[in-house]
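Hi there,

Here is the structure I promised to pass on. Please have a look at it first, and then read my notes below.

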Amino acid sequence: MTIRKRFLSLTVAIGLSAVALTACSSGAPGADEPVPTGTVAGAPSWCGPKQITLGLLDGFGGNSWRLITTAAGADEVKKCPSVTKYEYADGQGDTQKSISDIQGMVAKGVNALVVFPDAGEAMLPALRSAYQAGVVTVPYRVNPGGKDGVDYDAWIGADFTTDGANWAKWIQTNLPDGGNILFMSGPKGNSQGEDEYNAMTGILDPAKYKFIGETPFEPTNWDPALSQQVLTSAIAKNPKIDVIVSDFGPSLLGALPEFQKSGRSIPALVTSDGNSLGCFYEQNKAANPDFKMMTVATGNDNVRLAVQYAVAKATGGTLPSTTKFEAPVFEDSVSGTPNPVECKSDLPGDIFLSAEMPAADQAALLNK
Amino acid sequence: MFATERQVTGLARPRRRASKGLITVGVALVILLVASAVLAPSSISQGAVLGMLPFASVLAVVGLGQMLVVQQGGIDLSVPGAVSLAIVVVSRIPNGDDSLLVPAVLLAFGFAALAGLLNGFLVGRLGLNAIIATLGTNALLFATVLGISNGSPTTTTRLLQSVAGGVSFGIPHSVFFAAAVAVIVIVLVKKTVAGRRFEAIGANPVAARATGLRVRVHQTAAYVWGQMLYCIAGILLAGITAQPTAFQGNTYLIPAVAVVVLGGTSLLGGRGFPLATVVAAVFLSQLDQFNLAVGVPYAVRTLVQAAALAVGVALYTIDWSRVRARFGSSTKSKPVATTA
């Protein structure tokens, strides 16, 4: 009995000291000592000389866009030799797990964290505590609320107003006489769709361009089945749809043929890119005289900017000039600039040719 | 007099009277179609109907599967996982290669059979609560979905798109599939010995066991058949949507139960009403289309669906004669006194 008790207390003591040691080693890395600045030979300017460990955290890693984005993040990290250790964790769509992933990485003593805060503001306390523990904390893409320099170092968000503005400019150029616009976005009230709508209405003259259907957008949850139902109804209801705007192009693949079933041409489509969509355009453009297409990059490279910022801050490199990721225009079937519509029919449909990562590498990633 | 009349209808000619469920959903559908024609003509235009029918067909097939399980007093909450798994298997495995489609379809049915046997084993043999057991199976199915697809099922093959999503003689192919499934279910359940036993067991498993019927086998079979039908629905849905998500089945959990209930099948088990279930699927799908055409905001659309379900449940579960008696008690106090 006494032996067992002694053994128990010994175990507890070892356990406690282990916890204490971990806490010591993780205690505010890089917070007190000034980060040496400078550059590393052969590395980009954002890569400073101080050696660090970096953690990339995903809120939900389970789709092709996320797989490619994660790989892009890892690829960007590799460009800087000062990052001696790289770790990845997937929250699997579980907010609780995402929070404990952050806490676990902080406890392990990482110097910089790049976080996709899917759960939004629910992630803010965890981000703040990591930041306060002295870890360079960079949330990206989804807005977690809070402020740069108070709750985290910087939020590297996607600037969806740029997308809206790019779409609106294309519509102005290609439909100068005005027309009916159907705008489809994700779940009701999502801020991405609202930002895009506000940017579009800020540019397009309301006297000429009319948004049909629910405003700011027709909610489709980015679900292909619901998109199809919404579009079917819109086609039946509106004899004239001149342009469809969607912030997730590939979800419309099953829906667009509804136009042909009603004996009408697919109209102009302004959206975000995807290989399957490019191939759909190539196959259907001949039969649909009004089908023109323009896409903006889906934004897999948003993560690269976030990694650059986090690495620069933690290693003492040069900070990127912006904290907003602006998706560039990618394809334009009318002008062909910057690119004509692209289709790689021998590669999977759900790769994104707009991403920096080569198409073949993306395909290899998805076929794993 | 009463007895003889019963004998005559029972033996000389089988009951052909439409069920209460069929009459109810049939009337509801007619009212809805009239309302559509008056308030939102675009929702019954050719294009809108052709767009609605494929989803109605998928819902009908899922609903028939759920009905078989509900007939045995069970409930199957693994519908989302089952539909999603079928979608992922038939899109991800061929990965665009038409020649691999048939093996993938067979594999999907294999998975469905396994999931059905598992549900049947847990509920029929071990006697677990159906809600808990099938929820667990649902989680397992989604794990398989993620394992196979990494969360992205990719585009369905061209062949499947034309087989499941195509149109012949002006009618979407999925309608033919759903009609075939409905006919098979009706014939098997209503016209075969096994089907009659199946229904008898659902009505009263204790009595059925006493008469020597193999209750567990039939209960397990209900889950297996259910899974087969969800699998068919998933394959159809993959073809219809062309680029489905890995979680496409999620939206079918509630509607699958709703059409069974609206069709008049009791959640306590017993007789099933396949035709009424199919009509209910068309009703719910047209209701969606109607709401879209009228331009009801998204939030209200969800409320309308919920209201339809609530009304459906209320129609069959509330003892209306008693309600009438209670509210009419001031004028007719005698009947209440006698029933009480």
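Let me begin with a pair of helices in chain B. The axes of helix α8 (residues 173-191) of chain B and α13(B) approach within 9 Å and cross at roughly 155° (axes are lines fitted to C-alpha atoms, for helices over the stretch in contact, and angles run from 0 to 180 degrees between N-to-C directions). That makes α8(B) roughly antiparallel to α13(B) (angles under 35 degrees count as roughly parallel, over 145 as roughly antiparallel, 65 to 115 as roughly perpendicular and the rest as oblique). On the α8(B) side the contact is made by Ala182(B), Val185(B), Ile186(B) and Val189(B), and on the α13(B) side by Pro274(B), Leu275(B) and Val278(B). Two residues are in contact if their C-beta atoms, placed from the backbone, lie within 7 Å. Sorted by class, this contact of α8(B) with α13(B) has seven nonpolar, no polar and no charged residues (Ala, Val, Leu, Ile, Met, Phe, Trp, Tyr, Cys and Pro count as nonpolar, Asp, Glu, Lys and Arg as charged, and the others, Gly among them, as polar).

Some ground rules before I go on. This is a predicted model, in which local features need pLDDT of at least 70 and side-chain atom pairs count only at pLDDT 80 or more, while totals for chains, interfaces and linings use all residues. Residues are numbered from 1 along each chain as its sequence is written, and chains are lettered from A and ligands numbered from 1 in the order in which they are written. Helices (H or I, at least four residues) and strands (E, at least two) are DSSP runs, numbered from the N terminus.

Staying with chain B, which residues touch the most other members of the largest nonpolar core? They are Val61(B), Val62(B), Ala86(B) and Val90(B), in a core of 138 residues. A nonpolar core here is a set of buried Ala, Val, Leu, Ile, Met, Phe, Trp, Tyr and Cys residues joined through C-beta atoms within 7 Å. Helix α11(B) gives the most to this core, with 17 residues. Beyond its neighbours within four places in sequence, Val62(B) is in contact with several residues, including Val79(B), Val83(B), Leu229(B) and Tyr252(B). A second, separate core has 59 residues, among them Tyr131(A), Ala158(A), Ala297(A) and Leu366(A).

Ile87(B) sits in helix α4 (residues 79-92) of chain B. Ile87(B) is buried, because 30 other C-beta atoms lie within 10 Å (buried means 20 or more other C-beta atoms within 10 Å of the residue's own, exposed 12 or fewer, and partly exposed in between, with C-beta atoms placed from the backbone). The C-alpha atoms of Ile87(B) and Gly234(B) are 5.1 Å apart, although 147 residues separate the two along the chain.

The two chains also meet. The contact takes 33 residues from chain B and 29 residues from chain A. On the chain B side, the elements giving two or more residues are α3 (46-71), α11 (215-241), α13 (274-294) and α14 (298-317). The largest share of that side, six residues, comes from α3(B).

Now for chain A, which has eleven helices and 13 strands. Of its 368 residues, 50% are buried. An open sheet of six strands runs in the order β2-β1-β3-β4-β5-β12 (chain A), with parallel pairing (two strands pair if DSSP finds at least two bridges between them). Its edge strands are β2 (83-90) and β12 (324-325) of chain A, each pairing on one side only. Two bridges join β4 (residues 136-141) to β5 (residues 156-158) of chain A, and Tyr140(A) has Ile156(A) as its bridge partner in β5(A). Helix α4 (residues 124-132) of chain A lies across β3 and β4 of chain A, at about 150° to β4(A).

Finally, a few backbone details to look up. Most residues other than glycine have a negative phi, and most peptide bonds are trans. Arg141(A) has a positive phi of about 70° although it is not a glycine, and Arg141(A) lies in strand β4 of chain A. A cis peptide bond joins Thr215(A) and Pro216(A), with omega about 0°, and Pro216(A) is in the loop between β7 (209-212) and β8 (218-219) of chain A. The bond from Thr337(A) to Pro338(A) is also cis, with omega near -5°.

Best wishes
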